[in-house]
Amino acid sequence: RGHIFLNCSLTESFCIAILEAACCGLFVVSTRVGGVPEVLPPDMMRFAEPNAGALLVALGAAIAEATEFDPVGFHARVRGMYSWTDVAERT
């Protein structure tokens, strides 16, 4: 079982993979590219510039905080943010 999802994209418009990872209860570490910062709230992910050194630092910080993450809470929050009812109300 994982605790952290690492997304190393150089370009990304939305990134459904980070949404799926958070829905599975994983904290997300991702490069700050494209629309990625808009997919999840800041407390569910940590950003890095798209280079190996920055990703290593962000991943290390997430590992240090891994005991503070609430996988069941992450799932519930994503479910609420991306339900069909919520999407319909926002459009």
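Biologist: Which residues does F47 touch, not counting residues up to four places away in sequence?
Modeller: Start with the cut-off: contact means heavy atoms within 4.5 Å. Neighbours up to four places away in sequence are not counted. On that basis, F47 touches S30, T31, R32, V36, P37 and A58.

Biologist: What kind of model is this?
Modeller: Residues are numbered from 1 along each chain as its sequence is written, and side-chain values use heavy atoms, with hydrogens and water left out. Local features need pLDDT of at least 70, side-chain atom pairs count only at pLDDT 80 or more, and totals for chains, interfaces and linings use all residues; the model is predicted.

Biologist: In which strand is the place of F47?
Modeller: Helices (H or I, at least four residues) and strands (E, at least two) are DSSP runs, numbered from the N terminus. F47 belongs to one of these strands. Its name is β3.

Biologist: How far apart in space are F47 and V57, C-alpha to C-alpha?
Modeller: Along the sequence, F47 and V57 are 10 residues apart. In space, their C-alpha distance is 9.9 Å.

Biologist: What is the bridge partner of S30 in β3?
Modeller: S30 lies in strand β2. Two strands pair if DSSP finds at least two bridges between them. Here β2 and β3 (residues 45–48) run parallel, with 4 bridges. The partner of S30 in β3 is F47.

Biologist: Why does S30 count as buried?
Modeller: Buried means under 20% relative accessible area, exposed over 50%, and partly exposed in between, with a 1.4 Å probe and protein chains only. S30 touches N7, V36, M45, R46, F47 and A48, leaving out residues up to four places away in sequence. S30 counts as buried because its relative accessibility is 0%.

Biologist: How many of the residues of β2 are buried?
Modeller: Check each side of the strand. F27, V29 and T31 are buried on one side, and V28 and S30 on the other. So both faces of β2 are covered. For β2 (residues 27–31), the count is 5 of 5.

Biologist: In β2, what is the bridge partner of I4?
Modeller: Strands β1 and β2 run parallel and are joined by 4 bridges. β1, helix α1 (residues 16–23) and β2 also make a right-handed β-α-β unit. Right-handed means that, with the strands pointing away from the viewer, the path from the first strand over the helix to the second runs clockwise. The partner of I4 in β2 is F27.

Biologist: Is N7 buried or exposed?
Modeller: N7 is found in strand β1 (residues 4–7). It touches E12, C15, I18, V29, S30, T31 and L55, not counting residues up to four places away in sequence. At 7% relative accessibility, N7 counts as buried.

Biologist: With which side chain does the side chain of N7 make a polar contact?
Modeller: A polar contact is a pair of N or O atoms within 3.5 Å; within protein, one must be able to donate a hydrogen and the other to accept it, and residues adjacent in sequence count only if both atoms are side-chain atoms. For N7 the distance is 3.3 Å. The partner is S9.

Biologist: Is L10 buried or exposed?
Modeller: L10 is found in the loop between β1 and α1. It touches V33 and P50, leaving aside residues up to four places away in sequence. With a relative accessible area of 64%, L10 is exposed.

Biologist: With which residue does R77 form a salt bridge?
Modeller: A salt bridge is a side-chain nitrogen of Lys or Arg within 4 Å of a carboxyl oxygen of Asp or Glu. The whole structure holds 2 of them. In this one, the closest N and O atoms are 2.7 Å apart. The partner of R77 is D43.

Biologist: How many residues apart in sequence are the parts that R77 and D43 tie together?
Modeller: R77 lies in helix α3 (residues 71–81), and D43 lies in the loop between β2 and β3. So the pair ties together parts whose separation in sequence, in residues, is 34.

Biologist: Which residue meets R46 in a salt bridge?
Modeller: The N to O distance is 2.6 Å. R46 counts as partly exposed at 26% relative accessibility.
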